[in-house]
Amino acid sequence: MTTTTELPRAAFPFIVVDDMGRPALTAQRCTKCGATYPDSERMACGKCGARADALEAFSPAMEGTLHSAVIVRRGFPGVEVPFISAVVDLDGGPTLKGTLRHSGFELDDIQQGRRVKVVFDDALGRQDKNGNSYIAHHFEPLSA
Amino acid sequence: MSQDTYIVGIHMIDFGRYPHRTPAQLGAQAALEALDEAGVTIHDIEAVFSGSNYTTMIGQKILQQIGQTGVQIINLVNACSTGASAVRMATTAIRAGEFDTVLCVGVEQMTGLGMLGGAVPGSIPTEGILGSATMPAVFGESGMEYAARSGATFADFAQVAVKNHHNATMNPKAFLRKETPLDMVMEAEMIAYPLTKLMCSVNVDGAAAAVVMSEKKVKELGLMDRAVRIRASSMASAPWQERDPVMHDVNGPTRLAAQKAYAMAGVDPKDIDLVELHDCFASVEIQHYENLGLCGDGEGVKLLRDKTTEIGGRIPVNASGGLLSKGHPIAATGIANMYEIVQHLRGHAGERQVQGAKIGMTHVVGLGTSAAVHILEKM
Ligand SMILES: [Zn+2]
């Protein structure tokens, strides 16, 4: 088995990386009830129970609205603080959790309703035990 | 034949640090005290429901300490609802008519575990990339969602810690027993805004146990003097909500479990004299005022500000000092909450006694999610 690749790998199941190494978000929508999921291979719909054949893949919007967030001041060893842990409702769904970067750390910076965009970047330089790099999503404030 | 069930003996050990004792010893201590209070022995126990999130086969390990009678033992792992799940299972089994006397135990040894949550095993560590999965962050996000909806402020959340720590100064079993004025709480080390260190429950070692009995057996043994009736025993998991599975939902399952409990008991929220609820973090206590129906939606902050949930108020909440003061040994907490209610219903709560308490409610909720609500009554 080969253990390393030239292309970065997707850090999460809602990110796909094409042959050219270009990342994109992917999500699933239930055609029976409309529920959306940040996932690529659910077994069934968690809302209505429709089986996988009722779930369709779609490319979610790259912008969304902050639903809730906290300013993390004490983290685990090796994790740089502070950072903002954010729950974001992408326009049209689904909801995604991630880290909001390039932001201040005041109460105003984590207000519900703040507009943000999704960008892709290396997963903070973290590699797996085989030396593979990963691509992750990051939220950034959407400047007016 | 379905029949009422009763707690006839209940005990929680002093929660704290026991690095030189085993989880089985802690559980055995709680179990023996509960048996003694009930006036029965291990030979009267027909089944055991036990739970621990960090120790496997805890029930067998406890009975190896206090008496291997060969009875059925079922171990439960249900996050913070584990201890309450054991009592729920006991009531179900007794009502089914299979047993009359059942032992329930919850145990956790947590010294040295550090902050819970965080990095999920996978290709790379995700903490700091996928936001934060630590418990303070997860509950902080739930709290900020509530703040946006209700107008609750950082100071309101901090006030919950002020109240509960004050109550704990009257509870010799609490781990943290000191007054924490509002400025002290707000200026303590910020863990994840809006939660400072004094607004987070502490990992401690602990155990709690209860002997649950059928009404027939209580009468046969003449134990009605100490028996506390379980008027409702109800559990629920998280119903789907639009941010599943990204956001953990502690509100939905609590609401479902509470609604079922009120229906089972045939009582209204206004009939409840005191509540021990799952204040693993200060902010969530206010959310649970609404989830448990102690007030209307959007009225939780007012309930706190009006001092309604203080001892002496209309419906005291967490007279024990709550998880914020007692510490939170995950699987033991559910039964420990019942222990507090039983003390008040028996009039044994000392300085913090809620006067005239007849009916009390306990609540726990474990992420994942599982909520349990019990309604207890002293005849
Ligand atoms: Zn569906």
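Predicted model: local features only at pLDDT ≥ 70, side-chain atom pairs only at ≥ 80, totals over all residues.
Glu377(B) is buried, at 13% relative accessibility. The side chain of Glu377(B) forms a salt bridge with that of Arg231(B), with an N to O distance of 3.2 Å. Glu377(B) belongs to strand E11 (residues 370-377) of chain B and Arg231(B) to strand E8 (residues 228-237) of that chain, so the pair links distant parts of the chain, 146 residues apart. Both residues also take part in a network of salt bridges, together with Asp4(B) and Arg229(B).

A second pair in chain B joins a loop to a helix. Asp100(B) and Lys216(B) meet through their side chains in a salt bridge of 3.6 Å, N to O. Because Asp100(B) sits in the loop between helix H3 (82-95) and strand E4 (101-108) while Lys216(B) sits in helix H7 (residues 215-221), the contact ties together parts that are 116 residues apart in sequence. The two partners fall into separate accessibility classes: Asp100(B) has a relative accessible area of 15% and is buried, because the limit for that class is under 20%. Lys216(B), at 49%, is partly exposed.

A further salt bridge connects Lys302(B) and Asp306(B), whose closest N and O atoms are 2.7 Å apart. Here Lys302(B) is exposed, with a relative accessible area of 54%, and Asp306(B) is partly exposed at 45%.

Side chains of opposite charge can pair when their charged atoms come close. Over all chains, the whole structure contains 30 salt bridges, including the pair Asp100(B) and Lys216(B).

Conventions:
Residues numbered from 1 in each chain as written. Chains lettered and ligands numbered in written order. Heavy atoms only, no water. Salt bridge = Lys/Arg side-chain N within 4 Å of Asp/Glu carboxyl O. Helix = DSSP H or I, 4+ residues; strand = E, 2+ residues; numbered from the N terminus. Buried < 20%, exposed > 50% of the residue type's maximum accessible area, 1.4 Å probe, protein only.
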